[in-house]
Each structure stands twice: as structure tokens, then as C-alpha cells.
Amino acid sequence: MKLSLPLFFTLAVMSAGSVFAQVNYNDVKQDESTRPNIFQRMNESGVLNNLDLSLNAGTTGLGLEVSSPITEWARVRVGVDWMPRFDVPLYFDIQSYTDDGKINSSNFSKAQELMESLTGFEVDETVVMNGTPTMTQFKFLIDVYPFRSNRHWHFTAGFYAGSRQIAKACNTIEEMPSLLAIGIYNRAYEFIKKTDFVDTPLDIPGYGDLYLDPDLADVLKEKFESFGRLGVHMGDYKNGTPYIMEPDKDGTLRARALVNAVRPYLGFGYGGALSSDKRWTGSFDVGAMIWGGSPDVITHDGVNMTTELDNVRGKVGTYLGLIKTMKVFPVVSLRIAYTLF
């Protein structure tokens with residue numbers, strides 16, 4: 001069959017295009033099969049290519065962490081720190097005081113006798129409270145390794161987060177009878193002083209209108225006024241007026257130390273391999289947790305002992321003075337890690 005010149009060129013071009021397309025497709029197919037995927041590239045660059053599980057102990061308590069590299073020069077750590085619970089005993093003297101805030105310790109023994117006659121409880125002269133740390137914190141930290149030639153040193157930035165309460169103080173169980181007796185005594189003090197027993201009956205359900213003998217009422221008023229109220233002299237307000245903490249309605253004395261819920265962290269550390277296969281590693285970290293100024297120590301009746309009081313008494317005064325100077329919390333931690341993969 002004879003082909004015209006135009007038809008010949010048309011068939012030649014179509015044939016060449018088919019061959020070219022086939023060759024180009026094979027080249028693309030080969031490139032896709034040999035091109036590394038995202039996981040291969042991450043593994044080769046050292047990003048998220050291993051996972052460490054570690055235990056740490058230090059000033060923030062005991063902790064558990066997992067960590068993995070996020071770049072060639074940075075590693076992320078996520079975990080939880082828990083402060084073991086232990087009690088520090090704090091001792092306070094019970095004081096008698098008048099309505100204008102004047103303390104008269106010599107009257108305590110008389111009030112003590114009156115309380116025992118009214119309540120049947122013997123009241124101790126000293127109240128014991130236990131101070132207890134309560135920190136449990138989530139942490140998110142990033143370690144940066146700035147020296148290529150020395151991978152032992154790292155700088156760390158991140159944050160801790162948890163409850164605002166980092167410590168609490170509460171009276172011991174053994175003090176409950178004394179504190180309940182004090183609560184009853186103080187409420188009787190208010191009732192006796194404010195009530196006109198000549199015209200006001202006692203409100204006792206099931207007994208109708210009962211009136212206290214006016215002469216007996218006068219004797220009780222005189223005694224209560226001379227003895228005064230009872231409470232724990234914790235310290236003095238800025239104007240010099242004594243702050244007397246009385247038991248709450250449930251018969252307890254309580255206080256809490258509060259800081260910011262989210263606490264930034266800055267620090268540095270040094271670490272290295274502990275085994276020949278480098279699966280076990282250890283590191284030492286030092287830094288500061290920024291908890292937003294001095295912690296607020298709030299009593300159960302709402303007084304901020306950090307900002308409102310001076311001359312706080314006993315060990316509480318010593319601890320409170322230390323707390324006021326600690327605008328940040330020092331973090332020192334020793335960590336041992338094992339590479340899972």
C-alpha cells in the first residue's frame with residue numbers, strides 16, 4: 001500500500017509520542033518507587049525515630065516521663081510529677097482576747113475551767129496543725145541541644161500545670177475536742193453578751209418559752225466579758241491589731257498555699273549514656289519554676305497571711321517568711337531513661 005507523505009509523517013509522530021509517553025511513565029513510576037516517604041525522611045533526619053521512658057526524682061517529687069526528638073537538635077518531654085505526702089507539725093498557743101482585740105493570756109485558765117463546765121471537754125493550751133505539700137503536676141518541656149560537637153548539655157523551656165493549691169495545713173484529729181469546745185464557748189459568749197434574758201426566752205424546741213434566771217445571766221455575762229473570746233493568735237495585721245483564728249463551723253483550723261495553675265519553667269542540664277549500647281541514659285537538671293510571685297497562704301476564714309499579716313508566730317512565721325522570698329520554685333532533678341525503640 002502506498003502512503004502519501006502527509007500520512008507518513010502523521011503516523012511517525014504518533015508512534016514516537018507513544019514510545020516517549022511509555023518511557024516517561026516508566027521513569028515516573030521508577031522515581032515514585034524509589035522516593036522515600038515521610039516516615040523514611042523523619043527516620044533519616046532523627047525526628048520521632050525513638051521513644052524514651054524515664055523516671056525522675058527531685059524537688060518537684062517523683063515523676064514519670066516519655067520523650068522523643070522533634071528535630072535534630074531538640075527533644076520534647078511530657079510527664080507527671082507527684083510530691084509524696086508528709087506532715088510537718090506546727091504548734092500554736094490558744095489565747096483569750098477581748099472584743100477590741102487585746103490579748104489577755106492570764107484569763108485562759110479561767111476560760112478553760114468554764115469551757116469544761118459547759119462542754120465537758122478539757123481544752124489543751126496548744127493546738128497542733130500539720131502542714132502537708134499537695135503538688136501533683138503535668139509537665140511539657142523541650143530540651144534544646146545547641147552544641148553539635150557536645151550533645152551532653154541542653155537548655156530547657158516549657159511549663160508545669162496543676163491545681164493552684166501546692167500545700168495545706170489542718171489541725172490534727174487529736175485537737176478536735178479542744179477546737180469543738182472553743183467553738184461552743186465562743187458561740188455561747190456571743191449569745192450571752194447579746195441577749196436580754198429578762199425579755200427574751202431561750203429557744204429550746206419542745207420546751208416552750210423558758211427564761212434564764214436574770215441573776216444567773218448577769219453572772220455569766222460578767223464571767224464571759226472578763227474572760228474574753230478564745231482563739232489561736234496567728235500574727236498581727238499591718239496596723240498592729242492581732243489576728244486571732246477561731247475554729248470554723250466544722251470545728252477545724254485550716255489554711256492553703258495557692259499559686260498560678262500554669263507555671264513556666266526555664267533551666268539547663270547535662271546528660272549522657274549509662275550503658276555501652278546507649279539504651280540507658282542519665283541526666284541532671286537545674287532550673288526555676290515561675291509560679292507567679294509569692295504563694296498566697298489563705299486561712300479558712302479568708303485572711304491572706306502572705307499580704308495581710310506581719311509577725312506571724314512560730315514555725316509558720318519562719319516558713320511564711322521563706323515563702324515570701326521565693327518568687328520562683330527551684331527545680332533540681334535527677335533523671336534515668338531507657339530507650340524503648
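Reply: A contact here means heavy atoms within 4.5 Å. By that rule, 68% of the contacts in the protein chain with a separation of 6 or more link residues 24 or more positions apart. This is a predicted model: local features need pLDDT of at least 70, side-chain atom pairs count only at pLDDT 80 or more, and totals for chains, interfaces and linings use all residues. Residues are numbered from 1 along each chain as its sequence is written, and side-chain values use heavy atoms, with hydrogens and water left out.

The chain has 7 helices and 18 strands (DSSP runs numbered from the N terminus: H or I of at least four residues, E of at least two). Take helix α4, residues 176–194.

Now its buried residues. Buried means under 20% relative accessible area, with a 1.4 Å probe and protein chains only. In α4 that covers M176, S178, L179, A181, I182, G183, Y185, N186, Y189 and I192. What packs over them? The cover includes strands β4 (88–97), β5 (126–133), β8 (165–171) and β11 (229–237). Helices α3 (108–119) and α5 (214–227) are also part of the cover.

Zoom in on Y189, a residue of α4. Its relative accessible area is 3%, so Y189 counts as buried. Leaving out residues up to four places away in sequence, Y189 touches D99, F224, E225, G228 and R229. K223 lies 34 residues from Y189 along the chain. The C-alpha atoms of Y189 and K223 are separated by 9.5 Å.

Step back to the whole chain. Of its 341 residues, 37% count as buried. The accessible surface is about 19,800 Å² (Shrake-Rupley method, 1.4 Å probe). Carbon and sulfur atoms hold 61% of that surface.

A cavity is a set of points on a 1 Å grid over the protein atoms alone where a 1.4 Å probe fits but cannot get out; its lining residues have an atom within 4 Å of a point. The search of the whole structure finds 1 cavity of 30 Å³ or more. Grid points are joined across faces, edges and corners, and volume is the space filled by probe spheres set on them. The largest cavity has about 80 Å³. Its lining counts 13 residues, with R77, L141, Y160, D285 and S333 nearest the centre. Strand β18 gives the largest share of that lining, 3 residues.

Conventions:
The expected span of a helix is 1.5 Å times one less than its number of residues. Buried means under 20% relative accessible area, exposed over 50%, partly exposed in between (1.4 Å probe, protein chains only). On a 1 Å grid over the protein atoms alone, a cavity is a set of points where a 1.4 Å probe fits but cannot get out, and a pocket is an open set with protein on both sides within 12 Å along at least five of seven lines; lining residues have an atom within 4 Å of a point.
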